[in-house]
Amino acid sequence: MWSDLMESGNKPDAEEAGELLANFDRYCQKAARALAEADVFLLVTGAGFSADSGLAIYRDVAKVPAYQARDLDYSDICMPHWQFDDPELFYGFWGQCFNDYRKTQPHEGYSILHRWKQDKNFDNNNVAETISARIERKVELQRPFDDEIVERHAPYLVKSGPAGAFFSFTSNVDAHLHDLFEAHEIHECHGNIESWQCSDPYCDAGVFRAPLDHSFEIDMETMLAPSVQGDTSSSSKNDTATQAGKKSSNSNHVPHIGQVGGSNRTQPLQKMPPPKEPNNWRTSTSIATDSEGNDVFPNWPQCALCKAYARPAILMFGDARWKRDIAQGERWNLWKETVLDLCEKRNSNNPLKVCIVEVGCGLNVPTCRFASERMVEDVARKGGDVVLVRVNPDFPLASDSDVNDCVIPIMARGLDAIKRIDKHYRGM
Ligand SMILES: [Zn+2]
């Protein structure tokens, strides 16, 4: 119902939609101008952004017969209790998401956005240097958490950074930003599929990285993950190496779990730092032999410290035990705070220009929209000059009428809009 209320306040009426679509190109040009003039670039992405890679969006991800037969939708399945109530279902869902994300190439929009970041030297121009230096000083003076706890909750240690005049904020858990962007400039507010945690709340294993060669074995008919790999008794079983996460070649196909589109991922996680040593993901060792004497390997990941089963370190619905990456969250908080400091320090004749490009952030999980609009309000209040480029095929308008004047509403899918903005941007 909350979602319905949000929806009624955001959906453009027929007249507004007509105006938005008719002015698509003009708005893209305005967005390109804002980006070209920006001192600071914040990228905010949601499920609609990943959809252009061929991945499923929230409302479609669980639309497969196995779940429909049990009357389960995305929000029903995305709950931590299944790990105990029906672990085959739990690891079937998360395991197939893992396989899908691992095999799908991030779309072309990622590299365009990355080029925008590089073009203006948002890493090390003057503003970037000021931001980095100020963050460094703050880290020295006010390290707010116990280091050991911070490290335990991080799947890897970030030695690079701090961020300059660019940052990215996403609710997507596919970890695809890590193929191109630096770990010190990414905040994944709901965690990511590459990070796992022990299911025992008293275990000290913290958060750990899934190995690059891991994949789950899933029965694609039932969407269940057996507890051990290598069981070939079922004819409908998918071999993870050949079929799981297979691509749909039908352009009208709506992606869902196990049936995604797109092409194969070429440089998975190339920018993500290596796992901590020792990594608490238990390396698969044979746990038994089958009747023919073949080794049997576990299919559900385990914690190396206590051997309890592991779960994704992703915020699920009704999830009180998610271990967030504290260090990653703190990098985002420090960056945001520092950008606001700079807004305040600038003279009103020369305000800091902040461009927020938000792509594919809908109303099902509105965290990203709130984060963008909050940043708009904060920057404006501190004297900065802020523009929010909101790219969304359904809800491109501001949710909060107070920020209306700062929004460039682009009613389109993410990749189409990014390409059109880029066309104007390159011509400037
Ligand atoms: Zn453990």
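Leaving aside neighbours within four places in sequence, H107 is in contact with F49, D52, S53 and L415, where contact means heavy atoms within 4.5 Å. This is a predicted model, in which local features need pLDDT of at least 70 and side-chain atom pairs count only at pLDDT 80 or more, while totals for chains, interfaces and linings use all residues. Residues are numbered from 1 along each chain as its sequence is written, and side-chain values use heavy atoms, with hydrogens and water left out. Welcome to the tour, which goes topic by topic.

**Two histidines**

- H107 lies in the loop between α9 and α10 (108–119); helices (H or I, at least four residues) and strands (E, at least two) are DSSP runs, numbered from the N terminus.
- With a relative accessible area of 7%, H107 is buried; buried means under 20% relative accessible area, exposed over 50%, and partly exposed in between (1.4 Å probe, protein chains only).
- H190 carries the UniProt annotation "active site", from an unreviewed entry; UniProt positions are given in the numbering used here, feature names are shortened, and annotations may be inferred rather than shown by experiment.
- The loop between β3 (186–188) and β4 (191–198) is where H190 sits, and H190 is buried at a relative accessible area of 11%.
- Not counting residues up to four places away in sequence, H190 touches T170, S171, V173, A313, I314, L315, W322, V365 and T367.

**Four annotated cysteines**

- UniProt lists C198, C203, C303 and C306 under "binding site", again from an unreviewed entry.
- C203 is placed in the loop between β4 and β5 and is buried, with a relative accessible area of 11%.
- C203 and C303 stand 100 residues apart in sequence and 9.0 Å apart in space, C-alpha to C-alpha.
- C303 belongs to the loop between β10 (295–298) and β11 (310–314), and its relative accessible area of 0% makes C303 buried.
- C306 also lies in the loop between β10 and β11, but counts as partly exposed at 36% relative accessibility.
- Setting aside neighbours within four places in sequence, C303 is in contact with residues including C198, C203, N280 and R282, whereas C306 is in contact with C198, D200 and C203.
- Not counting residues up to four places away, C203 touches C198, C303, L305, C306 and K323.

**Aromatic rings**

- The structure holds 21 aromatic pairs; rings of Phe, Tyr and Trp (its six-membered ring) pair if their centres lie within 6.5 Å, and planes under 30 degrees apart count as stacked, over 60 as edge-to-face and the rest as tilted.
- In one of these pairs, F41 and F166 have ring centres 5.1 Å apart and planes at 65°, so the pair is edge-to-face.
- That pair links distant parts of the chain, with F41 in strand β1 (residues 40–45) and F166 in strand β2 (residues 166–170), 125 residues apart.
- F41 is buried at 0% relative accessibility, and F166 is buried at 1%.
- F98 and F216 are also edge-to-face, because their ring centres are 5.3 Å apart and their planes are at 80°.
- F98 lies in helix α9 (residues 87–103) and F216 in the loop between β5 (207–209) and β6 (228–229), so the pair ties together parts that are 118 residues apart in sequence.
- Both F98 and F216 are buried.
- One aromatic cluster is formed by Y67, Y74, F93, W94 and F317.

**Nonpolar cores**

- The largest nonpolar core has 69 residues, and W335 and I410 have the most contacts inside it; a nonpolar core is a set of buried Ala, Val, Leu, Ile, Met, Phe, Trp, Tyr and Cys residues joined through side-chain atoms within 4.5 Å.
- Apart from that core lies another, of 42 residues, among them Y91, F93, I257 and M316.

**Helix α14**

- Helix α14 (residues 367–381) has 15 residues and reaches 21 Å from its first C-alpha to its last, close to the 21 Å expected at 1.5 Å a residue; the expected span is 1.5 Å times one less than the number of residues.
- Buried residues in α14 include C368, A371, M375 and V379.
- Just after α14, G383 takes a positive phi of about 95°.
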